[in-house]
Amino acid sequence: MWVAVVLVAAVVVLDSSGLLSPWWSVLVDDVAQLLAAVAATVACWLAAARQHGIQRWWRIWMGVGTCGWALGQLVWCWYFLVRGNRLPSPSLADAGYLILPVFAFVALVTIAIGPSGQRLPRHLAGQALTAIDGLVIVGALFVLSWISVLGPAVHSGGANRMDYALAIAYPVTDLLLTVQVVLLLGASSAVHRTQLALLGGGLFCFVLSDSTFAYQVSVRAGGIPPIADIGYVAGFVLIAFAAWTEPGPPPRWAARGELGWGRLLLPYYPVAAMAVALVVLRVRGTEADDVTVIVASAVVTLLVVRQAITLVQSAGLVASRTRLLLTNDDARRELERNLHDGVQQRLIALALDIRRAESEVPPELTRLRAELDAVVAALNGTVDEVREISRGVHPSILTQGGLRLGLRALARRSAVAVELDVQMEGRLPEPVEVAAYYVMAEALTNAAKHAEATVVSAAAAVRGGVLHLSIRDNGVGGADPRSGTGLTGLSDRVAALGGTLTVDSMPGRGTCLHAEFPLERP
């Protein structure tokens, strides 16, 4: 590691010191780039031999890319340093240089796809969104650079179209790969995080040097300052470090947390900057050229596609959550029925059998009669416990009498006085009744355990095809839905049915839960 750092520092010092003649400065610069590319190739392939699976293959593909770049640099050195001629455009050197982004992309795809359980994003739609985000960011940044620097340089009559198109291909492909690395970092596990960070740093170094090269070509500069090429040397050093970095520990199975807003909105930041630049351009009375219009239109189109994919994903997630909720309720209902009709009835029958056996015990066997009484009492207690468990698994009273009776039963059993006002007729959809029942049960439990309330006011009414359920207590307030799983679970259950749950709990003013359930699914 330190040898590589010293090599980069030595090249920087020699190229910027002015101690070398122009030819020797170019020699040091070009040879340093060639050696750095060869070193990165060797590092990738030697490290690949020690790995297996995707850890081997991404190193192999990256090594192929750096090898192609080294061959291109070798052609460059032959023409410039040995023959002293200018290369034709395009040339074999360009073909070698452009091998790097192609196989670097293959390496990143290999990391992203990987085996199941290590996918970076896990689903095809997620991978498509990652690719689209990268294209959107690169397109927006390209428009910004074209408006500010590159476009004016090209329009000034500098490079011909072929030279400039080839030159601009380098920073654009490097930037695309760098953005892809950043997006993958946001979704990666610890297995690849360090490797991706080093690869991203190396590719960004290429962006800096390739952008300088593209600008020099666009203005037909007589030469490129050797110090501007230091990004190539540093980039290959970072790629070599990435190849030699061991993978992190395998990811532990865990539920994926919510993505941060920064990650979700990342593509929109450069697009907003692009929009501002276009507005400023318009205000100044400058017409956007064809390149700006085409690339900006492509960015907007990609944003529309991204939004469409996101909407489809969201609809699928809502439908999936609703199916899981209904399946879970069906399973709970079946379990409650088995407990009531199976275990509970069997225990009651067993208690009756013991009572019949007890009636035939001679009066003088008082000890045996007492033991049988104790067994029957224990069985009756177990029946009560099973009844409470089955009520918690699924409120059977809803199946028998609907939500009206269910809310009244909760009010009767509440440890806090409840003022109940129910205005509804007939039965409601079963999933709505179950969800409303649990909202009421959770609110009453919280009022008794945490709110120190003395009275609770509850109201349920159907208006305009929507069930409105409100529960207000006179407790201490200050409830935070984020501090526990009870209200969070209720909110998810209500949302899965297309409804909303709001919590108003100012300190000292009590707590109010208001739930709305649409009675017809859209």
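**Charged pairs and a nonpolar patch**

Modeller: Arg367 counts as exposed because its relative accessibility is 68%, which is beyond the 50% cut-off for that class. The model is a predicted one, and the values below are computed from it. The partner of Arg367 is Glu371, and their side chains meet in a salt bridge with an N to O distance of 3.7 Å. Glu371 has a relative accessible area of 43% and is therefore partly exposed. Both residues belong to helix α13, which covers residues 366-393, and they are 4 residues apart, about one turn of the helix. In general, side chains of opposite charge can pair when their charged atoms come close.

With a limit of 4 Å between a side-chain nitrogen and a carboxyl oxygen, the count comes to 4 salt bridges. Among them is the pair of Arg282 and Glu287, with 3.0 Å from N to O. Arg282 and Glu287 are both exposed.

The nonpolar side of the surface can be taken up next. Val38, Val42, Leu46 and Trp244 form a nonpolar patch there, and together they have about 350 Å² of accessible area. Helix α2, residues 22-49, supplies the largest share of this patch, 3 residues. Trp244 is located in helix α9. Its relative accessibility is 40%, so Trp244 counts as partly exposed.

Helix α9 itself is mostly covered, with 11 of its 15 residues buried. Among the buried residues are Tyr232, Phe236, Val237 and Ile239, as well as the glycines Gly231 and Gly235. The helix runs over residues 230-244 and reaches 22 Å from its first C-alpha to its last, close to the 21 Å expected at 1.5 Å a residue.

Phe80 is placed in helix α3, residues 54-83. With a relative accessibility of 31%, Phe80 counts as partly exposed, because this value falls between the 20% and 50% cut-offs. Phe80 and Val26 are 54 residues apart in sequence, yet their C-alpha atoms are 9.2 Å apart in space.

Conventions:
Residues numbered from 1 in each chain as written. Predicted model: local features only at pLDDT ≥ 70, side-chain atom pairs only at ≥ 80, totals over all residues. Heavy atoms only, no water. Helix = DSSP H or I, 4+ residues; strand = E, 2+ residues; numbered from the N terminus. Expected span 1.5 Å × (residues − 1). Buried < 20%, exposed > 50% of the residue type's maximum accessible area, 1.4 Å probe, protein only. Patch = residues over 30% accessible without salt bridge, like charges linked within 9 Å, V, L, I, M, F, W, Y side chains within 5 Å. Areas by Shrake-Rupley, 256 points an atom, 1.4 Å probe, with all protein chains shown as cover.
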